[in-house]
Amino acid sequence: MTLSQENGPERESDDLLAAEYVLGVLLAEQRQEASRRIDAEPAFARLVDAWEVRLSPLAEAYPEAEPPRSLKAAIDGRLFASPGAAPRASVWTSLGFWRGLAVAALAGLVLTVALPYMQPPAEQMRLVASLAADSSDVKYLAVYDAAHHNVGLSHLSGERDQGKDFELWMIEGDKPPVSLGVIPVGAVTQLPVAPPIQKQLEQGAVLAVSVEPAGGSPTGQPTGPVVATGDLKNI
Amino acid sequence: MAVAIDAALQMAGDRLVSTAMVPQDISKLIVRTSMKDRAAFDLLYRQTSAKLFGVCLRVLNDRGEAEDALQEIYVKIWTKADRFAVSDLSPISWLVAIARNHSIDRIRARRRPTTDIDAVLDVADPAPGPEAAAVAGDQAGQIHRCLEELESDRAAAVRGAYLKGESYAELAQRHRVPLNTMRTWLRRSLMKLRECLER
């Protein structure tokens with residue numbers, strides 16, 4: 001909860017500001033300030049987005065107009081004209097790929113939108129899970145690579161507290177969680193998967209992240225709160 | 001793999017040129033653009049640039065400036081495509097919002113007011129009548145129904161502000177009311193609209 005959500009009148013005035021921003025009536029400085037808040041305050045950004053949704057049918061009145069043909073080349077010139085541009089790196093090592101997949105996954109778009117285009121050859125079975133929970137800001141994207149027997153983890157948000165670690169678990173039906181190990185610190189990390197667990201993962205399991213003492217759970221079962229979960233889905 | 005994807009996308013694109021682009025297709029193109037896929041970006045431009053250029057022209061009232069704005073808008077779309085996933089907007093509405101906001105920022109930033117093409121050509125605000133509103137379907141029709149609940153000059157001010165990006169000052173001048181009156185009108189109208197849309 002942010003301050004503005006707890007504070008009724010303040011939230012009301014924020015909502016009005018969001019409406020005025022979307023309508024377009026504010027002055028340059030006011031728009032810049034609003035724009036800064038959209039970037040910095042998710043709660044305010046949501047108010048603005050809600051107003052964009054409410055008023056968007058009005059945009060049907062804009063007639064279409066073909067831009068001059070030369071314009072796309074000018075755009076490409078601005079974006080891609082760096083001399084000696086590097087050839088496209090492998091999609092799996094590209095930060096843009098991970099970020100794109102991550103936001104898509106979090107929005108529930110991943111299976112319907114992004115993945116049909118990324119179908120790997122059949123022998124390289126890959127399973128994807130977007131790990132998140134309403135109660136925390138910890139978010140990971142997990143990709144199980146059956147060919148290499150590992151789980152790739154892209155850390156999207158949420159930091160571990162001092163002296164704590166995140167541990168990854170596999171949960172299959174009603175069985176007790178099985179540890180896949182402590183998640184290494186880093187933006188993109190990997191955990192190897194032992195043979196007995198591989199088969200279970202390939203059949204589609206639930207992954208979960210719990211907060212544990214540094215070095216991992218002392219009991220072999222989760223001892224701290226579960227801060228993110230998600231279903232592994234075949235892509 | 002990348003080659004195959006591009007070829008498939010190209011084929012999909014060629015097929016789609018002759019048919020209407022459905023929102024799901026534009027969603028795919030935006031998501032792929034966020035993964036820095038240039039083929040998807042090219043297609044996205046082909047499918048959406050006419051609509052966005054229409055937005056720029058209407059708000060900026062100046063062809064040269066609209067062309068500059070459109071370039072900046074697609075640069076923004078390339079760099080910020082990952083934001084699409086956290087918006088509740090339909091894909092085309094999300095793109096229009098970027099184009100509108102960018103164009104409005106541009107007119108606010110410019111010092112000299114340009115000649116009002118609307119005044120010269122006497123272009124009416126295209127406010128769809130009840131029929132158009134009914135045809136536009138429930139969600140789209142609702143905003144028009146709610147606007148009809150407002151007094152007509154206030155509804156016109158809301159439409160004018162939205163479509164042309166007019167400031168409070170410009171609206172006050174055009175409707176011949178004091179600035180504070182216009183501000184009060186519009187704020188109350190916005191709150192009434194919200195209430196009506198949430199009914």
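## Chain A overview

Chain A has eight helices and nine strands. The model is predicted. Of the 235 residues in chain A, 32% are buried. Among the chain A contacts with a separation of 6 or more, 58% join residues 24 or more positions apart.

## The sheet

Five strands of chain A form an open sheet in the order 6-3-2-1-9. Their pairing is antiparallel. Strand 6 (188–192) and strand 9 (233–234) of chain A are at the edges. Each has a single partner strand, so one side of each is left without a neighbour in the sheet.

For strand 6 of chain A, one pairing is with strand 3 (residues 150–157) of chain A. These two strands run antiparallel and share five bridges. Across this pair, A:Leu153 stands opposite A:Thr189 of strand 6. Strands of a sheet pair through backbone hydrogen bonds, either parallel or antiparallel.

## A:Phe166 in strand 4

A:Phe166 belongs to strand 4 (residues 164–171) of chain A. A:Phe166 counts as buried because 24 other C-beta atoms lie within 10 Å, and the cut-off for a buried residue is 20 or more.

Leaving aside neighbours within four places in sequence, A:Phe166 is in contact with A:Arg160, A:Ile183, A:Val209 and A:Val211. A:Pro184 is 18 residues away from A:Phe166 along the chain, yet their C-alpha atoms are separated by 8.1 Å.

## Nonpolar cores

The largest nonpolar core has 67 residues. Within this core, A:Leu23, B:Leu52 and B:Cys56 have the most contacts. Helix 3 (residues 38–60) of chain B gives the most to the core, with twelve residues. A second core is separate and has 29 residues. Its members include A:Leu141, A:Ile183, A:Leu207 and A:Val227.

A:Leu23 has contacts in both chains. Leaving aside neighbours within four places in sequence, its partner in chain A is A:Leu55. Its partners in chain B are B:Val158, B:Ala161, B:Tyr162 and B:Leu190.

## Contact between the chains

The contact between chains A and B takes 57 residues from chain B and 47 residues from chain A. On the side of chain B that touches chain A, helix 3 of chain B supplies the largest share, nine residues. The residues on this side of chain B divide into 33 nonpolar, ten polar and 14 charged.

How values were computed: Residues are numbered from 1 along each chain as its sequence is written. Chains are lettered from A and ligands numbered from 1 in the order in which they are written. This is a predicted model: local features need pLDDT of at least 70, side-chain atom pairs count only at pLDDT 80 or more; totals for chains, interfaces and linings use all residues. A nonpolar core is a set of buried Ala, Val, Leu, Ile, Met, Phe, Trp, Tyr and Cys residues joined through C-beta atoms within 7 Å. A residue is buried if 20 or more other C-beta atoms lie within 10 Å of its own, exposed if 12 or fewer, and partly exposed in between; C-beta atoms are placed from the backbone. Helices (H or I, at least four residues) and strands (E, at least two) are DSSP runs, numbered from the N terminus. Two residues are in contact if their C-beta atoms, placed from the backbone, lie within 7 Å. Ala, Val, Leu, Ile, Met, Phe, Trp, Tyr, Cys and Pro count as nonpolar, Asp, Glu, Lys and Arg as charged, and the others, Gly among them, as polar. Two strands pair if DSSP finds at least two bridges between them.
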